[in-house]
Amino acid sequence: MLRRKFYDVLLNWKKHKKNECLLVKGARQIGKTFIIDQFGKTEYSSYIYINFIESPEQKNIFEGSLEAKEIYKRISIYLPNINYVDNNTLIFIDEIQSCPKARTALKFLALDNKYDVIASGSLLGLHYNKLVEMEKEEEVSISIPVGYEREIEMFSLDFEEFLWANGISENAINQ
């Protein structure tokens with residue numbers, strides 16, 4: 001298992017969050033999905049994974065009403081084998097930059113506060129407060145859920161994490 005310091009950031013968010021979703025930004029291929037997936041499977045009784053690049057049809061989860069209970073119903077349609085556990089479910093929305101309505105929905109999911117929600121994506125800074133051309137060729141304004149999401153940037157391995165990944169012990173590193 002690859003050890004990352006970012007895992008502690010996720011644990012801290014889970015312990016201290018208050019009506020907020022977590023938005024993890026960062027470059028492509030640095031391990032965002034890997035570490036959040038590991039966190040969800042380890043720290044929660046129920047883990048739900050949504051990926052808009054892998055399964056573009058899942059964008060339909062965020063069509064129509066953005067009320068949390070309606071979103072949960074639509075998630076159950078697209079992922080019928082999931083199990084919701086109150087206060088012990090993580091919903092991970094990956095590649096959120098591909099679905100602006102999902103970004104807007106973070107506010108309503110945070111207000112509901114029934115389940116924890118983490119979203120991640122690359123190049124998110126390039127999309128703020130712009131009009132985004134949707135697949136249906138209609139323009140939609142992105143509504144950033146200010147106050148309902150905590151943004152954290154993740155970076156590639158630092159030198160210490162690189163040493164851990166290569167089997168160098170804590171004792172050897174600290175000498």
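I take axes as lines fitted to C-alpha atoms, for helices over the stretch in contact, with angles running from 0 to 180 degrees between N-to-C directions.

**Ground rules.** I note that the model is predicted, so local features need pLDDT of at least 70 and side-chain atom pairs count only at pLDDT 80 or more, while totals for chains, interfaces and linings use all residues. Residues are numbered from 1 along each chain as its sequence is written, and side-chain values use heavy atoms, with hydrogens and water left out.

**Entry 1, overall layout.** I looked up the elements, taking helices (H or I, at least four residues) and strands (E, at least two) as DSSP runs numbered from the N terminus. The chain has six helices and seven strands. Read from the N terminus, their order is α-β-α-β-α-β-α-β-β-β-β-α-α. I took accessible areas from the Shrake-Rupley method with a 1.4 Å probe, where for residues only the protein chains shown count as cover. The accessible surface of the chain is about 9600 Å², and carbon and sulfur atoms hold 50% of that surface. I call a residue buried under 20% relative accessible area, exposed over 50%, and partly exposed in between (1.4 Å probe, protein chains only). Of the 175 residues in the chain, 45% are buried.

I looked up how helix α3 (residues 68–78) packs with helix α4 (residues 100–112): the angle is about 105° and the axes are 9 Å apart. This makes α3 roughly perpendicular to α4, a term for angles of 65 to 115 degrees, whereas under 35 counts as roughly parallel, over 145 as roughly antiparallel and the rest as oblique. For contact I required heavy atoms within 4.5 Å. On the α3 side I listed A68, I71 and Y72, which meet A105, F108, L109 and D112 of α4.

I found I30 in the loop between β1 (21–25) and α2 (32–43). With 13% relative accessibility, I30 counts as buried. Neighbours within four places in sequence aside, I30 touches R4, M154, F155 and S156. The C-alpha atoms of I30 and F155 lie 6.5 Å apart, although 125 residues separate the two in sequence.

I counted a salt bridge where a side-chain nitrogen of Lys or Arg is within 4 Å of a carboxyl oxygen of Asp or Glu. The whole structure holds 13 salt bridges. One of them joins E160 and K5, with the closest N and O atoms 2.8 Å apart. E160 is in helix α5 and K5 in the segment before α1 (6–16), so this pair ties together parts 155 residues apart in sequence. E160 is partly exposed at 24% relative accessible area, and K5 is partly exposed at 31%.

I then looked up D116 and K17, whose side chains form a salt bridge at 3.0 Å, N to O. Since D116 lies in strand β4 (residues 116–121) and K17 in the loop between α1 and β1, the pair ties together parts 99 residues apart in sequence. Both D116 and K17 are buried.

I built patches from residues with over 30% relative accessible area and no salt bridge, joining like charges within 9 Å and nonpolar side chains (Val, Leu, Ile, Met, Phe, Trp, Tyr) within 5 Å. L2, F34, L157, F159 and F162 form a nonpolar patch of about 480 Å² accessible area together. Among them, L157 sits in the loop between β7 (149–153) and α5 (159–165). L157 is partly exposed, at 35% relative accessibility.
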